[in-house]
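This report walks through one protein model, from its charged pairs to its core. Please view the sequence and the structure together while reading.

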Amino acid sequence: KLESPLWECALTFNAEGGGLQIILGKFELSGPGKVSCVDITGNTQVMKVKVTLGGDTLAPNIAFGHFKVAGVATGIGLATNPEALLGKYYTASAQGALLAGAGANFAVHGRNEAVTMNVGISLAKGMGLQLGVNKMRIKAVRE
């Protein structure tokens, strides 16, 4: 059950990585990002995070190559606090690049403290393809 105050948040990140996965294998991108939130009264909070995309050895995913990705997911959720957005998301995504490219993803995350569904876009450099269902993890970075 969500209670006030509710925060609306967005995620921006830069990630790099790759691999080879055709259901079995390893394909993972990771890197720094930030979650920026605003509540209904206009208070803001920015949290530094580490974003990891993929990484499971077994996943309904076809991916190969190496990418550098800059991504944004807007409106990533309503939460009782920004920390409630940390954790695991399930994603359906597609991205491709031949020197340069783009991608899109849809992610869902649900707990008592936060409910999120978002659409994200990314710009990619490198060479490869990724298409499938996977996970995204967001962890706080302590300074």
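## Salt bridges

Glu28 forms a salt bridge with Arg137, and their closest N and O atoms are 4.0 Å apart. Glu28 belongs to strand E1 (residues 7-39) and Arg137 to strand E5 (residues 114-140), so the pair ties together parts that are 109 residues apart in sequence. A salt bridge here is a side-chain nitrogen of Lys or Arg within 4 Å of a carboxyl oxygen of Asp or Glu. Strands (E, at least two residues) and helices (H or I, at least four) are DSSP runs, numbered from the N terminus. Glu28 is partly exposed, at 28% relative accessibility. Arg137 is partly exposed too, with a relative accessible area of 25%. Buried means under 20% relative accessible area, exposed means over 50%, and partly exposed lies in between (1.4 Å probe, protein chains only).

The whole structure holds 2 salt bridges. Asp56 pairs with Lys135, with the closest N and O atoms 3.2 Å apart. This pair also links distant parts of the chain: Asp56 sits in the loop between strand E2 (44-54) and strand E3 (58-79), Lys135 sits in strand E5, and 79 residues separate them. Asp56 has a relative accessible area of 23%, which makes this residue partly exposed. Side chains of opposite charge can pair when their charged atoms come close.

## Basis of the model

The model is predicted; local features need pLDDT of at least 70, side-chain atom pairs count only at pLDDT 80 or more, and totals for chains, interfaces and linings use all residues. Residues are numbered from 1 along each chain as its sequence is written, and side-chain values use heavy atoms, leaving out hydrogens and water.

## Overall architecture

The protein has 0 helices and 5 strands. Along the sequence, the pattern reads β-β-β-β-β. Of the 143 residues, 39% count as buried.

Accessible areas come from the Shrake-Rupley method with a 1.4 Å probe; for residues, only the protein chains shown count as cover.

## Nonpolar core

The largest nonpolar core has 25 residues. Leu11, Val35, Val49 and Met136 have the most contacts inside this core. E1, E2, E3, E4 and E5 each supply at least two of its residues. E1 gives the largest share, 9 residues. A nonpolar core is a set of buried Ala, Val, Leu, Ile, Met, Phe, Trp, Tyr and Cys residues joined through side-chain atoms within 4.5 Å.

## Buried Gln95

Gln95 is found in strand E4 (residues 87-111). Its relative accessible area is 10%, so Gln95 is buried. Leaving aside residues up to four places away in sequence, Gln95 touches Leu29, Phe67, Val69, Ala102, Gly103, Ser122, Gly128, Leu129 and Gln130.

## Surface patch

Leu20, Ile22, Ile23, Leu24, Leu58, Ile62, Phe64 and Leu129 form a nonpolar patch on the surface. Together they have about 800 Å² of accessible area. Patches are made of residues with over 30% relative accessible area and no salt bridge; like charges are joined within 9 Å, and nonpolar side chains (Val, Leu, Ile, Met, Phe, Trp, Tyr) within 5 Å.

E1 and E3 each supply at least two residues of the patch. The largest share, 4 residues, comes from E1. Ile62 lies in strand E3 and counts as partly exposed, at 41% relative accessibility.

Conventions: Contact = heavy atoms within 4.5 Å.
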